[in-house]
Amino acid sequence: MADEQANTVLYDVNEGLATITLNRPDAMNALNTAAKVALRDALLEASADPSVRAVLLTATGRAFCVGQDLKEHVATLAATREAGDGNALSTVREHYNPIVRAITEMPKPVVAGVNGVAAGAGFGFALAADYRVVADTASFNTSFAGVALTADSGVSWTLPRLIGQTLAADLLFFPRSISAQDALELGLVNRVVPAAELADRAAEVARTLAAGPTVAYAGLKASMAYGAGHTLAEALEKEDELQTRAGASQDHTIAVEAFLKKEKPVYLGK
């Protein structure tokens, strides 16, 4: 990564866990171009690295991510209008879409450790993760309609699937702050923890997954994504394919042998 990009997103790998940290705390982790490129590249690096078995996506400061950096966006709008180019939001295609696909298509689990407000694209990135551990002081906001924009970062796909079409329409048409507890009750998040414990608790979940059966987790992600858009018969075929792959993994043999010996399995991630 270039120096500017590296400063906006921190990347660390330790014992199979890649921790990716948004690091623009003074801007509430708003997404300027450098941050978007750095985040996209960090996720792709984690996905391709065989030593990485789980990812923790989190942030510094009091916000998780408030979405697009509007200060930079205003300049982009002016420049595209002057040039006669109507596509001021090419960032959706160039950055947001690849980021969400990197999270959802990664063959390993991604945990979002949401330390504060997650709005707009930040909300989308959190929803794209496989598991969300959230500080009790955090909040969520779709935000898009508030700045006369439509949904991006996968929110049009993830939000209705998590809470249903009716509630999703309400949150999208009437953007407002949703507390962590309300998000838990709606089914948007998995766990709400005290803010002071967020870093440790989110890392604990991510480390547990990093030590788990990676091939099985990849299959679970793939089967749920496939099942969301296919018939039961097609989903059963996909389950057969993925179960065959998991059954051939070393970790499956390790798990069965450990079960018979009444021991705790130590997985290899393959």
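This is a predicted model: local features need pLDDT of at least 70, side-chain atom pairs count only at pLDDT 80 or more; totals for chains, interfaces and linings use all residues.
I started with burial: 44% of the 270 residues in the protein chain count as buried.

**Overall build.** I looked up the secondary structure next and found 12 helices and 10 strands. The C-alpha trace spans about 70 × 45 × 40 Å along its principal axes. I also looked at contacts with a separation of 6 or more, and 69% of them join residues 24 or more positions apart.

**Surface and charge.** The chain exposes about 13700 Å², and carbon and sulfur atoms supply 55% of that. I noted 23 positive and 31 negative charges, with mean positions 2 Å apart.

**Salt bridges.** How many salt bridges does a search of the whole structure find? I got 8. One of them pairs Arg24 with Asp69 at 3.0 Å, N to O. Arg24 sits in the loop between strand 2 and helix 2, and Asp69 in the loop between strand 4 and helix 3, so this pair ties together parts 45 residues apart in sequence. Both Arg24 and Asp69 are buried.

Next I looked at Asp130 and Lys221, whose side chains also meet at 3.0 Å, N to O. This pair links distant parts of the chain, 91 residues apart: Asp130 is in the loop between helix 5 and strand 7, Lys221 in helix 10.

How values were computed. Residues are numbered from 1 along each chain as its sequence is written. Side-chain values use heavy atoms; hydrogens and water are left out. Helices (H or I, at least four residues) and strands (E, at least two) are DSSP runs, numbered from the N terminus. Buried means under 20% relative accessible area, exposed over 50%, partly exposed in between (1.4 Å probe, protein chains only). Contact means heavy atoms within 4.5 Å. Accessible areas come from the Shrake-Rupley method with a 1.4 Å probe; for residues, only the protein chains shown count as cover. Lys and Arg count as positive and Asp and Glu as negative; His and the chain ends are not counted. The place of a charge is taken as NZ of Lys, CZ of Arg, CG of Asp or CD of Glu. A salt bridge is a side-chain nitrogen of Lys or Arg within 4 Å of a carboxyl oxygen of Asp or Glu.
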